[in-house]
2 protein chains.
Amino acid sequence: MPLVVVGSVALDSVETPTEKRENVLGGSATFFSYAASYFTPVRLVSVVGDDWPEQYTELLRQRQIDTSGLQVVPGGKTFRWRGKYLDNMNDRETLDVQLNVIDNFDPVLPEDYRRCKFLFLANGSAVLQMKVLRQCPGAQLTVADTMDLYIHNELDALRELLGQIDGLVLNDSEAKLLTGDDNLVRAGEAIRQMGPRFVVVKKGEHGAMFFGEHEMYVLPAYPTANVVDPTGAGDSFAGGMMGYLAEQGRFDPQTLKRAMAYGTLAASFTVEDFSLDRLRKIQREDLDQRMEQYERMLSF
Amino acid sequence: MPLVVVGSVALDSVETPTEKRENVLGGSATFFSYAASYFTPVRLVSVVGDDWPEQYTELLRQRQIDTSGLQVVPGGKTFRWRGKYLDNMNDRETLDVQLNVIDNFDPVLPEDYRRCKFLFLANGSAVLQMKVLRQCPGAQLTVADTMDLYIHNELDALRELLGQIDGLVLNDSEAKLLTGDDNLVRAGEAIRQMGPRFVVVKKGEHGAMFFGEHEMYVLPAYPTANVVDPTGAGDSFAGGMMGYLAEQGRFDPQTLKRAMAYGTLAASFTVEDFSLDRLRKIQREDLDQRMEQYERMLSF
């Protein structure tokens, strides 16, 4: 089944302890779409300026990602993010953010997008996420991501959103911030009590936790010695997860757990190079092969 | 098969964000022995002063732990540790350490202990660990724990030890310190290259990683909402792991992985109360029941 994602597309400048990249393809909706495209047709809604390199759109189209919802604002500049990873490759510093066209982004979904059954609201303003949600009253599975900025500045809108979505995906630090509880098992459950039917807490190199009505579990990250650039790992996780759910066309507990595992594996490829450089070199078979290894790793 | 452990027995004073305990039963060999006793007969080698409460020895004996190797130094004082956990319940501050009788501890193993096939050298001086190792030339499986203090102060002895033991168990921060590498997948493998046949890196609430000649894997911690006092979790992990290996009388890859899982579960009980207060309330069936839940959690 097709999957709609609304979120940011960006030009990232990334510095790691050993390397640097300028203006590479980034953004939450970009990583999400690309990871999800290994499972299901993806329809992308975002906005860029006319400084946007056409070959980046081409890259997305090559994976059959529908970019008809990607607005180009004449005279506008694309959202830019500049960040630096510390030696441990987990902590990062944001050096510069230029919202540019994202600041006035008011997504209006094409008619056929609105009939999609699977919707993902990538990291962004909760007010804007609510606006999108209202455009898709028939969606069967709506999942959102959020971040510290909106927990601080748009808590009311975020609380309203939580009452209307099926799932929320967020980082461990954000889960602690939203609940004031440092124990992630309690924090995840507390967020589920705020409305969504399930909550996924992403722990970076330590994996992800799932909180549903009848079960709670944690899956470890796929261990990799080769972490080049963690940017987009969380969005790739969400993309792999939602992509698999949309492919299966269902979201029962068993399918959700397998989706969490596919999300984990999509993220494990993303971190192995800058931008989409590693992810674009894989095939669906690579994900399935790593899945076999992952399942073997967790059997005893 | 019987299992010998050499390490510290202590009186702990622990402060958490909400509670305090004074002079409770602690020490690496204590937690290790108690956790291991659910699987196999344990023979404890340690030292205390004559301030040692007899009822603590009684507590160990009730689990059939052989305390004939527990020396009592007349006029001596027992090792004491005082620590405080920060709000996140993972980071802790050591407020006071009084080595007392541990400072001059020179373990001489009883003759029947020396014939044991399974030996664990709990957290302690690498020089002392080497001394013990030489007393058990016939051991089939020798595993040691270490800590930052000995990585800093006894690196030569530790390197010699690494060349002669079968397995090393250590914390994530210690693995990074010993190798200078922040990537745990690389760090664990680098330590294995230093000599031991396998290395286990403990990540606290995030589980544990295993590095062997032919495989590398990570298992998550058993998630618990009820973390009261993490003291002794790592030692309980090692106790559950070694206890299961000694019970099975073998340490092939499959048995090692199941042992890692039992270690994880032993630790998950320990953190649910102060000292041994939770662990002493369980039966072997509780471990097996949690194992069923843990296996279900990791199946998809």
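Q: What makes the second largest pocket a pocket, and how much space lies in it?
A: About 290 Å³ lies in there. On a 1 Å grid over the protein atoms alone, a pocket is an open set of points with protein on both sides within 12 Å along at least five of seven lines, whereas a cavity is a set where a 1.4 Å probe fits but cannot get out. The volume is the space filled by probe spheres set on the points, which are joined across faces, edges and corners. This is a predicted model, where local features need pLDDT of at least 70 and side-chain atom pairs 80 or more, while totals for chains, interfaces and linings use all residues. Side-chain values use heavy atoms, without hydrogens or water; residues are numbered from 1 along each chain, with chains lettered from A and ligands numbered from 1 as written.

Q: Which residues line the second largest pocket, and which lie nearest its centre?
A: Lining residues have an atom within 4 Å of a point, and there are 13 here, with E215(A), M216(A), Q293(B), R296(B) and M297(B) nearest the centre. Two or more residues each come from β13 (216-219) and α10 (253-270) of chain A and α11 (284-297) of chain B. The largest share, 4 residues, is from α11(B). Helices (H or I, at least four residues) and strands (E, at least two) are DSSP runs, numbered from the N terminus.

Q: Why is the F118(A) and F251(A) pair called edge-to-face?
A: Rings of Phe, Tyr and Trp (its six-membered ring) pair if their centres lie within 6.5 Å; planes under 30 degrees apart are stacked, over 60 edge-to-face, the rest tilted. These two centres are 6.1 Å apart with planes at 75°, so edge-to-face it is. F118(A) sits in strand β8 and F251(A) in the loop between α9 and α10 of chain A, so the pair ties together parts 133 residues apart in sequence.

Q: How do you know whether F118(A) is buried or exposed?
A: Buried means under 20% relative accessible area, exposed over 50%, partly exposed in between (1.4 Å probe, protein chains only). F118(A) has 0%, so it counts as buried.

Q: What makes F39(B) and Y244(B) an aromatic pair, and of which kind?
A: Their centres are 6.3 Å apart and the planes make 85°, giving an edge-to-face pair. F39(B) is buried at 7%, and Y244(B) is buried at 8%.

Q: What puts K257(A) over the face of Y217(A)?
A: The test wants NZ of Lys or CZ of Arg within 6 Å of the ring centre and within 35 degrees of the ring normal. K257(A) lies over the face at 4.6 Å from the ring centre. R63(B) lies over the face of Y38(B), at 3.8 Å.
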